[in-house]
Amino acid sequence: MTARPMREAARVIVVDEDERVLLVRFDLVRGGHVWATVGGGLEPGEAHEDAARRELREEAGLEGVDLGPCIWTREHVFEDPIGFAGQRERYYLVRTPAFEPVPGHTWEQLNAERVSAVRWWTIDEILAAPESRFAPRRLGTLLRELVDRGAPAEPIDVGV
């Protein structure tokens with residue numbers, strides 16, 4: 001039996017001037033859902049930064065923004081098998097004025113990737129909700145630190 005590989009992925013922490021963050025809802029194979037930042041797996045030969053820009057366009061309809069530095073990393077094993085054992089993620093920061101997310105992909109295309117919603121969240125809303133609803137689980141705390149202290153000088157491992 002061949003071990004499933006890890007997938008490389010790029011994610012984007014999109015923060016508006018009101019310190020809201022744009023999150024995408026992923027429906028899980030085993031039921032339930034999780035809210036995560038915009039992003040997904042790299043295509044063959046694609047750089048992390050290019051994947052981040054593509055995912056911004058596909059999931060949020062956002063183009064022409066400055067992609068900030070990689071500030072977080074995360075590695076996790078998938079509970080829902082999708083052909084990969086898990087994912088290694090790099091998180092990039094984007095600050096933008098508020099906008100109405102209009103995905104560049106159709107909802108049919110997004111639903112095929114298990115994406116069912118895109119919306120803005122305040123940090124307080126995230127902190128008030130169960131951690132199990134977010135990836136990474138400490139998302140609210142991590143975002144509060146990011147807003148209060150600024151981006152770290154080097155990427156930090158944010159855990160599961």
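Predicted model: local features only at pLDDT ≥ 70, side-chain atom pairs only at ≥ 80, totals over all residues.
Just after helix H1, glycine 61 takes a positive phi of about 70°. Residues are numbered from 1 along each chain as its sequence is written, and side-chain values use heavy atoms, with hydrogens and water left out. Helices (H or I, at least four residues) and strands (E, at least two) are DSSP runs, numbered from the N terminus.

**Helix H1 and the cores**

H1 covers residues 48-60.

A nonpolar core here is a set of buried Ala, Val, Leu, Ile, Met, Phe, Trp, Tyr and Cys residues joined through side-chain atoms within 4.5 Å. The largest one has 24 residues, and Val12, Val14, Leu22, Leu56, Leu62 and Phe99 have the most contacts inside it. Two or more residues of this core come from each of E1, E2, E3, H1, E5 and E6, and H1 gives the largest share, four residues. Leucine 56 is in contact (heavy atoms within 4.5 Å) with Val12, Val14, Val38, Gly61, Leu62, Val65 and Val94, leaving aside neighbours within four places in sequence. A second, separate core of 20 residues includes Val21, Trp35, Ile71 and Tyr91.

**Aromatic pairs**

A search of the whole structure finds four aromatic pairs. Rings of Phe, Tyr and Trp (its six-membered ring) pair if their centres lie within 6.5 Å; planes under 30 degrees apart count as stacked, over 60 as edge-to-face and the rest as tilted. Two of the pairs are set out below.

| Ring pair | Centre distance | Plane angle | Class |
|---|---|---|---|
| Tryptophan 35 and tryptophan 121 | 5.2 Å | 65° | edge-to-face |
| Phenylalanine 99 and tryptophan 120 | 5.4 Å | 80° | edge-to-face |

Tryptophan 35 in strand E3 and tryptophan 121 in strand E6 are 86 residues apart, and both are buried. Phenylalanine 99, in the loop between E5 and H2, is 21 residues from tryptophan 120 in strand E6; these two are buried as well. Ring pairs also link Trp35, Trp121 and Phe134 into a cluster. The charged end of arginine 119 sits over the ring of tryptophan 121, 3.9 Å from its centre; the criterion is NZ of Lys or CZ of Arg within 6 Å of the ring centre and within 35 degrees of the ring normal.

**Helix H4**

In H4 (residues 139-149), Leu139, Gly140, Leu142, Leu143, Leu146 and Val147 are buried. Seen down the helix axis, they fall within an arc of 165° (from the directions of the axis to the C-beta atoms), so they line one face of H4. Their packing partners include strand E4 (70-77), helix H3 (123-128) and strand E7 (134-135). The face turned away from the buried side carries the exposed residues Asp148 and Arg149. Aspartate 148 counts as exposed because its relative accessibility is 55%. The C-alpha atoms of aspartate 148 and alanine 52 are separated by 24 Å. Just after H4, glycine 150 takes a positive phi of about 90°.

Terms used:
Buried < 20%, exposed > 50% of the residue type's maximum accessible area, 1.4 Å probe, protein only. Expected span 1.5 Å × (residues − 1).
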